[in-house]
There are 2 protein chains.
Amino acid sequence: MSSHSAIHDSAEVRSRSDVIAALLEEQILTGRFAPGTRLDEASLAEEHEVSRTPIREAFQKLAQSGLVEHAPRRGVFVRQATPVEIMEMFEVMAEIEAVCGRLAALRSTEAQIDALRRANAACRLAFEAGDADRYYEQNGTFHHLIYAQAGNRYLEQEARRLHRRLKPYRRMQLHLRGRLAQSMAEHEAIVDAIAAGEGTLAADLLRDHVAVQGEKFHHLLTQLRPVTQA
Amino acid sequence: MSSHSAIHDSAEVRSRSDVIAALLEEQILTGRFAPGTRLDEASLAEEHEVSRTPIREAFQKLAQSGLVEHAPRRGVFVRQATPVEIMEMFEVMAEIEAVCGRLAALRSTEAQIDALRRANAACRLAFEAGDADRYYEQNGTFHHLIYAQAGNRYLEQEARRLHRRLKPYRRMQLHLRGRLAQSMAEHEAIVDAIAAGEGTLAADLLRDHVAVQGEKFHHLLTQLRPVTQA
DNA sequence: GTCAACCTTCTTGTATACGAAACCCATGTC
DNA sequence: GACATGGGTTTCGTATACAAGAAGGTTGAC
């Protein structure tokens, strides 16, 4: 997936530091390491039974993806994204998805649209079963399909990257009352717009569909820490 | 600029590997290392009078930004982006700039629009002086201003990143006959649209303004390697 | 009692060392 | 003559060693 390389199309060898980076990323996203925590090279090295070198390489990868922050001579810390930043990322995600949707509407083949409908049907099943986790997962593949159908590998990669980055914040709002039903309805309209080749409509629908997540996130925040102003 | 961090707002210390990475990036973009070249750890270490460790760290940073490719157990190679990839990146750049333009139209202050006009005036001066290099530079600040005026730091960062990545390919077409005049005219219209708060128009103008670069790039390619089909 | 300076200790950043995998070229076989 | 196989060499990946900088506690002075 990640390597459509001109140099070594075979291989797909994952070095040790890649594996460790992926593991750490998962652990950060799932909350083993709370934001602000310092990641200790030595103890992680011991835990994974390697030296500090691969750990440090993993840190660099995480830093690049914005998950941790490297404070020179002080260590790496799990990044605490500010609410503003998170909202900004949601806004960008909404715009990127809009672009994907517009291009997908112009470029999708019949087979691809069928695949989209199938993914959406899977969402519906999960929704009707009331299985939020499963819906979450199927929802992911639905969106990934749209990224792919934009017909631009670079765009697809970037979309996936940001999608992944926002994962924990999207998950937070999954259990908000009524969100699943609303999301489901939006999906239907989106697929129809893409199938009909209505690029602008698909873009607008997707933008709203994602932007609402940013807004929900905002709601969650204000609930947690209500405004204390007069 | 790069660190609006919650953890260490001071510092802005650049580690040795950062400096080396920046240097190597510059050297790759300016063509000292041709695409496909293998970057030798040992000789670079010697050249910069450091050990292999910082060199390897710099390699990782370059790999993350897509400039080089890491082939496990074989070394890192200057990435030869395929024409398709480059076109894809131009397409994404066009879309991102469109988004920036739309948001800027909605959010720019009067002072910011003045700044935009000044940057554009600087472009015009360079254009009238026939100084393509200077135009290129001023053009860069013009676009960076638009990124900033979108009022979304994350978006701004991403836009700058891609802008930077496309630098060498944009430069290629600078000297195409008539391009400067056309670019100049487009700038005027873009500023007007943003000043008027016409988001959709600004987006469309910017999308075309950037997309045409991808097309010009395509023309250059077909000129270099004419189609040999019957 | 409080604050500042110093010293100890811990951690990071970089250098070096070493084992292992890949490449290259020569030799041998079919 | 072409291809496969094997040793030698190079280079990578990781471990370890060491030096420099930061954190924290203790002591001393005011």
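B:Arg73 lies in the loop between β2 (68–71) and β3 (75–78) of chain B, where helices (H or I, at least four residues) and strands (E, at least two) are DSSP runs numbered from the N terminus. The structure is a predicted model, in which local features need pLDDT of at least 70 and side-chain atom pairs count only at pLDDT 80 or more, while totals for chains, interfaces and linings use all residues. Residues are numbered from 1 along each chain as its sequence is written, and chains are lettered from A and ligands numbered from 1 in the order in which they are written.

Most residues other than glycine have a negative phi, and most peptide bonds are trans. B:Arg73, although not a glycine, has a positive phi of about 65°, and with 7 C-beta neighbours inside 10 Å it counts as exposed. Here a residue is buried if 20 or more other C-beta atoms lie within 10 Å of its own, exposed if 12 or fewer, and partly exposed in between, with C-beta atoms placed from the backbone. In chain A, A:Arg73 lies in the loop between β2 (68–71) and β3 (75–78); A:Arg73 has a positive phi of about 65° and is exposed, with 7 other C-beta atoms within 10 Å.

The secondary structure of chain A comprises 10 helices and three strands, and its elements follow the order α-β-α-α-β-β-α-α-α-α-α-α-α from the N terminus. The C-alpha trace of chain A spans about 60 × 55 × 30 Å along its principal axes, and 34% of its 230 residues are buried. Among contacts in chain A between residues at least 6 apart in sequence, 70% join residues at least 24 apart, two residues being in contact if their C-beta atoms, placed from the backbone, lie within 7 Å.

DNA strand C is surrounded by 16 residues, of which the closest are A:Glu41, A:Gly75, B:Arg16, B:Val50 and B:Ser51. Two or more residues of this surface are given by each of α2 (41–48) of chain A and α1 (16–29) and α3 (52–64) of chain B, and the largest share, three residues, comes from α3(B). By class, the surface near DNA strand C has four nonpolar, five polar and seven charged residues; Ala, Val, Leu, Ile, Met, Phe, Trp, Tyr, Cys and Pro count as nonpolar, Asp, Glu, Lys and Arg as charged, and the others, Gly among them, as polar.

Around DNA strand D there are 17 residues, and A:Arg16, A:Val50, A:Ser51, B:Glu41 and B:Gly75 come nearest. At least two residues of the surface near DNA strand D are supplied by each of α1 (16–29) and α3 (52–64) of chain A and α2 (41–48) of chain B, with α3(A) giving the most, three residues. This surface near DNA strand D holds four nonpolar, five polar and eight charged residues.

In soluble globular proteins, nonpolar side chains tend to be buried together. Leaving aside neighbours within four places in sequence, A:Ala202 is in contact with A:Gly101, A:Arg102, A:Ala104, A:Ala105, A:Ile190, A:Ala193 and A:Ile194.

The axes of α4 (residues 83–107) and α9 (residues 179–195) of chain A come within 7 Å and cross at roughly 45°, axes being lines fitted to C-alpha atoms, for helices over the stretch in contact, with angles running from 0 to 180 degrees between N-to-C directions. The two helices α4(A) and α9(A) are therefore oblique to each other, as angles under 35 degrees count as roughly parallel, over 145 as roughly antiparallel, 65 to 115 as roughly perpendicular and the rest as oblique.

Helix α4(A) also meets chain B: the axes of α4(A) and α7 (residues 153–165) of chain B come within 7 Å and cross at roughly 55°, which makes α4(A) oblique to α7(B). This contact is made by A:Glu85, A:Glu88, A:Met89 and A:Val92 of α4(A) and B:Arg153, B:Tyr154, B:Leu155 and B:Glu158 of α7(B), and its residues divide into four nonpolar, no polar and four charged.

Note on methods:
A residue is near a molecule or strand if its C-beta atom, placed from the backbone, lies within 6 Å of it.
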